[in-house]
Amino acid sequence: MKLSFHGADLGVTGSCHLLECDGVRILIDCGMYQGSRNLNEENADAFGFDAASIDYVLLTHAHLDHCGRLPLLVRRGFRGNIIATAATRDLARIVLLDSAHLQESEAEYQNKKSARRGEEKRTEALYNTHDVLHMLDHFNQTVHYDQELLIAPGITATFIDAGHILGSSSVVLNLTEDGKKCRIVFSGDIGSNGRKLLRNPTTPPKADVVVMETTYGDRLHKPLDLSIEELYQVITDTFRHGGNVVIPTFALERAQELLYYLREGVQQHRLPRSMQVFLDSPMAISATEIFRQHTGCYDAETAAMFSNEHDPFDLPGLHFTRDVADSMAINRFSGGAVIMAGAGMCTGGRIQHHLKHHLWRQNASIVFVGFAAKGTLAREIIDGARTVRVLGEEIAVRAGVHTINGFSAHADRDELLAWHQHTHATHTFLVHGEEEVMRSFARLLPAGAVSLPQTADSIDLTPYCHPKKTAKH
């Protein structure tokens, strides 16, 4: 048995881990790198393994940094099965089609620029729409939570609810090879407790080895009720000064959760019924429709709302803007609007146009409600930049900037520790976090029982195995 690391190692994005057992090669996630200045080169680099040799991909959830290079994997020779929950499959479809469209558009734009300069070099998209459709053919099997699945002789996988986004999972693998057995748990991204939409993360079983995310491993989140209160206060104050509230929004989970709280705010008379809310993200709009189709993933309260035909995502003054013309028309609203647009880290998408239109306005507010990786525009603004470059233009930052981390879809330090303690792991490999955060979290775990792997590190799992028990006759 062997475990090797090929992404999200001493970094936050590009999750990709390879497990080998008795000749079977299983990839857990195949994500895209985000936020780096050398983004295109990193994503186009070799995987560090032969794509054609992979038998299975177990996909924990549909965020781009966990599924974003799956089409490239297929393009480079993968012919195996991709296994995930049904909700993850449906969300991955829209996420990856959107990703392909953005890459094709960017390649076309760069090629036009090269042609105008008289250059013959051409920019190629990392993958295209055809590659995504081909990749979707490999989603041959969906799983239910807590259902043990036989992957191959001596290998079973169980997907448990990670509580992070719709359909998200941690994956428990039981391995047997040469008379020895080992249980390894891949956390995926672990959600925070007490969310309004999703259930709390399932308690993981005892394990020999854990591969664990550490996104917020060095800090605690603000309590959710205080975060909701702060959001309402920012909106109220901004409207009083005649401005708009712009929220860079992740299309999966965060957009739907914010719609839920905005609806509650109007119903409770905390927010004005006249408030105009724009969900300016075709992908978030499509994702919201998928959320309505998978009501079995919700907690009891939200599921009951659906069963009583009360849509938790609907509120007065809500506008879904799919078309570019409708997106541009939002600029006519000088005040009294909440504008939610992607991408959450402001690395592209329609949010950049809204930032360009609002960052310099003193009566506007920019509200960040999710993680911002180093090197992203969102991180620059959060860290206090006085000017930022948006769509090729230097823009002054005069708007109010608010970071409300209580809405995070990631567990905080104490929640991560509680999750980990249930595993009683012999050894833990920390991934998916900034290096200083990982080192801070590592100091909270037993000395000598934790590692911070680097990309291409390969680990022999034999020292963590146990003899297989034989049945008594």
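Predicted model: local features only at pLDDT ≥ 70, side-chain atom pairs only at ≥ 80, totals over all residues.
Start with the parts. The chain has 14 helices and 23 strands.

Now the overall form. The chain has 473 residues, and a compact globule of that length would have a radius of gyration near 23 Å. The chain has 23 Å, so the two agree. Its C-alpha atoms fill a box of roughly 80 × 60 × 40 Å along the principal axes.

Buried residues make up 56% of the 473. The chain exposes about 19,900 Å². Carbon and sulfur atoms supply 48% of that area.

What about contacts? Take those with a separation of 6 or more: residues 24 or more positions apart account for 74% of them.

Charges, quickly. There are 46 positive and 57 negative ones, and their mean positions are 2 Å apart.

Now the rings. How many aromatic pairs does a search of the whole structure find? It finds 7. One of them joins phenylalanine 5 and phenylalanine 429. That pair is tilted, at 5.5 Å centre to centre, with 45 degrees between the planes. Phenylalanine 5 sits in strand 1 and phenylalanine 429 in strand 20, so the pair ties together parts 424 residues apart in sequence. Phenylalanine 5 is buried, with a relative accessible area of 0%. Phenylalanine 429 is buried too, at 2%.

Another pair is phenylalanine 47 with phenylalanine 49. This one is stacked: 5.3 Å between centres, 20 degrees between planes. Both residues are buried.

Last stop: ring pairs link Tyr260, Tyr261 and Phe407 into a cluster.

Terms used
Residues numbered from 1 in each chain as written. Heavy atoms only, no water. Helix = DSSP H or I, 4+ residues; strand = E, 2+ residues; numbered from the N terminus. Rg over C-alpha atoms; globule rule 2.2 N^0.38 Å. Buried < 20%, exposed > 50% of the residue type's maximum accessible area, 1.4 Å probe, protein only. Contact = heavy atoms within 4.5 Å. Areas by Shrake-Rupley, 256 points an atom, 1.4 Å probe, with all protein chains shown as cover. Lys, Arg positive; Asp, Glu negative; His and termini not counted. Charge placed at Lys NZ, Arg CZ, Asp CG, Glu CD. Phe/Tyr/Trp six-rings, centres within 6.5 Å; stacked < 30°, edge-to-face > 60°.
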